[in-house]
2 protein chains.
Amino acid sequence: MTPPADTRTFFRSRWVDPPEGVEQLDPARLAPGFRAGAAHCGLKGGGKTDVGLLVCDAPNVSSSLLLTRNASAAAPVRVCRQRVDRDAVRAAVVNAGNANAETGEQGFADAWAMCERAGEQLGLDPAAVAVAETGVIGVPLPVDAVLDGIAEAAGSLSADAGAAFAEAILTTDRWPKSCTLTAGGVTISAQAKGGGMIQPNMATMLCFVQTDAVVEDPTAALRTATDASFERITVDGQMSTNDTVLLQATGAAGEPLPAGLLEAVLLQLALEVLADGEGSTRVCRVAVEGAASAGEAERVARAIANSPLVKTALFGRDPNWGRIAQAAGMALAGEDLEEIGADSIDAAELGEDLVEAELGLRLDRGEHRAHVYFSDLGYEYVRINADYTT
Amino acid sequence: MTPPADTRTFFRSRWVDPPEGVEQLDPARLAPGFRAGAAHCGLKGGGKTDVGLLVCDAPNVSSSLLLTRNASAAAPVRVCRQRVDRDAVRAAVVNAGNANAETGEQGFADAWAMCERAGEQLGLDPAAVAVAETGVIGVPLPVDAVLDGIAEAAGSLSADAGAAFAEAILTTDRWPKSCTLTAGGVTISAQAKGGGMIQPNMATMLCFVQTDAVVEDPTAALRTATDASFERITVDGQMSTNDTVLLQATGAAGEPLPAGLLEAVLLQLALEVLADGEGSTRVCRVAVEGAASAGEAERVARAIANSPLVKTALFGRDPNWGRIAQAAGMALAGEDLEEIGADSIDAAELGEDLVEAELGLRLDRGEHRAHVYFSDLGYEYVRINADYTT
């Protein structure tokens, strides 16, 4: 899959329903009151930028910061949990190329040093600086180079660096994921990165959202929007050690976010992350109906979405619906699903060359439903992940 | 991975500990009192045999039959559940190339017709005939061809057809898995097949075991042995619709099975299934110690064994222990595993070119432990599974 031909059209997916009247601005332009910068410190090869800095110039920002629940959380996540004021995040400092995970006490100290250096550069309390890192796990962070990169990024801060920031945070992504949109008198800008290790359980990957809208309860707003977006996608069923989503709102526009806008932005970004998952060639939505409970619907949908047999069949454009029944039957082990048959699984589109495929599965066990978006599993996933550290 | 160079040595794995004094016989030779036959009916190409028949000539056989718990169980599994006397199985009829799963009422009728035809040919009540099928899901069985194949296989019955039977039941396997062993005055012969879709929850794939030993409680014996073997392996975390293990014992030798023999046979066969999993190039054992409960130990071990990131790293001979910590942390989401560090994970052997790799993970949460055997995930898995029905 190549990057979308027309990156001027942000809402590309048929599954996304943005509110009416949304206009797209240049994604380089950040929401009013925000600036960003980027630098190259050597974590990535080829001179690519690998340090990003994001700052809100309004002192009264309200924010919410969602973090992975992984028990082996990376150092930056621990720093955010323990030392950052998650309701009043003024700035974010990010590196890509090293996750600073499984790096022990030194890793924690290094991540905190990133907050401190960013704070110095920006004139902020380090507790107002969120830190996020992404990349290889278990390798010590070359912290001096990163700290130098932060200083350099601080020197490049600009209100038109949204796209540059989105580039700096990428790892195995093939294209940057960002947007700037306006509607109802407010502006929202957002940047995300994905890769592999994607089946969040709390947040996902790295995603930064800025707005001048009034957001009364940023945590509730972000939770609702991620529940319907990043929490619904899976590349490989793996919960990352580093997943982070940050929402910052200045309220300067004096208007609220139009209903559904944050959800639409995050769902489109989540689907971009999925479409650009490691080796992805297509995205599928599986919708389960007729389950006996909400938990059962969710379990069946995720069993299908995470089955390597279903995912390789999707890669092969192979309408092997028997594997869908197998995965559903595994999720309901001990029960008897005689009712599932060929005609109750709409797999017709799997044979076509669609980037977005839809798969409907109807059980006859109750009234509950759930859906999950997932990508296929192909040679590129193996190639990328077999050689990632060597 | 190529077939083992020396198939005369059955107990090849360092993880298998057979009882002393075991001698290996020609795997073509079945345990006394058993005969087998094979035929080609057209389910497989290239004239390969695809119908197998196994019969015990002793009328007082005792048996146990373990079946998959998948809610989308295949027709032969439903027939065995509903119509076969699982404690007194005299014969087994098998086809390879079509799983007869998700084939509705016709599939059930077809599987039962296989029992009836085998019963006719062998002079047995069809309820004394177990049926097993393996291969593609969701494709109607060409039952007439299979029934003709059963008649042909019945005409070829021989006490020296163990290897021929083991060949006939293969699907994507690269080599047959069978043995005939003698110890303590008894003989045991066994044949198995694997492929993909392997993480049993009750039994696994197809496995047939014959002995002239006295087995007082075949179900308890088989349950104990499968708990330590087939229940401990995973190729792709998928529970099959067709998993079946059959143990038949005549008691004619008047002696019990030597302690540990059945476990050793099934563990070696399970590891062969794993080593010959779809696209496997190596087998790994992950042993988790220090968990807070048995369930937690099991959950962590399986999260690691089923992580596509760990499995692709294993394929790439990539000592990416960070992914092991990530998978363990995902299994313990919401907890905090600061204690896991590089030096508590013995991943050194992952960098060497070993067919069997050992991975130890120590938590500091309690006294419980668990281990799981798993295979890697490489290009061949994708190739085999992307094109399986097309």
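Start with α8 of chain A and α10 of chain B: in this predicted model, the two helices are roughly perpendicular to each other, because their packing angle is about 70 degrees and angles from 65 to 115 degrees count as roughly perpendicular. Their axes lie 8 Å apart. Select residues 379–386 of chain B to show α10(B), and residues 308–315 of chain A to show α8(A).

Now display the side chains where these helices touch. From α8(A), pick Leu309(A), Thr312(A), Ala313(A) and Phe315(A); from α10(B), pick Val382(B), Asn385(B) and Ala386(B). Of the residues in this contact, five are nonpolar, two are polar and none is charged.

**Along α8 of chain A**

The buried residues run from Pro308(A), Leu309(A), Val310(A) and Lys311(A) to Thr312(A), Ala313(A), Leu314(A) and Phe315(A). Step just past the end of α8(A) to Arg317(A), where phi is positive, at about 50 degrees.

**The contact between the chains**

Show both chains again and select the residues of each that touch the other. The contact takes 54 residues from chain A and 54 residues from chain B. On the chain A side, the elements giving two or more residues are α8 (308–315), α9 (321–331) and α10 (379–386). Which of the elements gives the most? That is α9(A), with eight residues. Colour the chain A side by residue type: 25 residues are nonpolar, 21 are polar and eight are charged.

Which surfaces do the copies use to meet? They meet through the same surface, because 100% of the interface residues of chain A are also interface residues in chain B.

**The axis between the copies**

Next, superpose chain A on chain B. A rotation of 180 degrees does this, with 0.0 Å of shift along the axis and an RMSD of 0.0 Å. That is the relation of a two-fold axis. To find a residue beside the axis, select Tyr379(A): of the residues of chain A, Tyr379(A) comes closest to the rotation axis, with its C-alpha at 2.8 Å.

**Chain A as a whole**

How many of its 390 residues count as buried, as a percentage? The figure is 63%. Among contacts in chain A between residues at least 6 apart in sequence, 81% join residues at least 24 apart.

**An open sheet in chain A**

Select β2, β3, β5 and β6 of chain A. These four strands form an open sheet in the order β2-β3-β5-β6, with mixed pairing. At the edges stand β2 (34–39) and β6 (129–136); each has a single partner strand, so one side of each is left without a neighbour in the sheet. From one strand to the next the twist averages 10 degrees.

Zoom in on β2(A) and its partner β3(A), residues 51–56. The two run antiparallel and are joined by six bridges. One place to look is Ala36(A), which stands opposite Leu54(A) in β3(A).

**β2 in chain B**

Move to residues 34–39 of chain B, which form β2(B). In a regular strand, side chains alternate between the two faces of the sheet. Here both faces are covered: Phe34(B), Ala36(B) and Ala38(B) are buried on one side, and Arg35(B), Gly37(B) and Ala39(B) on the other. Six bridges join β2(B) to β3(B), residues 51–56, and the two strands run antiparallel. Ala38(B) stands opposite Gly52(B) in β3(B).

Finish in chain A with β12, residues 283–291. With β14(A), residues 356–362, β12(A) pairs in the parallel sense over seven bridges. Val283(A) stands opposite Glu356(A) there. With β15(A), residues 368–375, the pairing of β12(A) is antiparallel, through seven bridges. On that side, Ala287(A) has His371(A) as its bridge partner.

Key. Residues are numbered from 1 along each chain as its sequence is written. Chains are lettered from A and ligands numbered from 1 in the order in which they are written. This is a predicted model: local features need pLDDT of at least 70, side-chain atom pairs count only at pLDDT 80 or more; totals for chains, interfaces and linings use all residues. Two strands pair if DSSP finds at least two bridges between them. Axes are lines fitted to C-alpha atoms, for helices over the stretch in contact, and angles run from 0 to 180 degrees between N-to-C directions. Two residues are in contact if their C-beta atoms, placed from the backbone, lie within 7 Å. Ala, Val, Leu, Ile, Met, Phe, Trp, Tyr, Cys and Pro count as nonpolar, Asp, Glu, Lys and Arg as charged, and the others, Gly among them, as polar. Angles under 35 degrees count as roughly parallel, over 145 as roughly antiparallel, 65 to 115 as roughly perpendicular and the rest as oblique. A residue is buried if 20 or more other C-beta atoms lie within 10 Å of its own, exposed if 12 or fewer, and partly exposed in between; C-beta atoms are placed from the backbone. Copies are superposed by least squares on the C-alpha atoms of residues with pLDDT of at least 70 in both.
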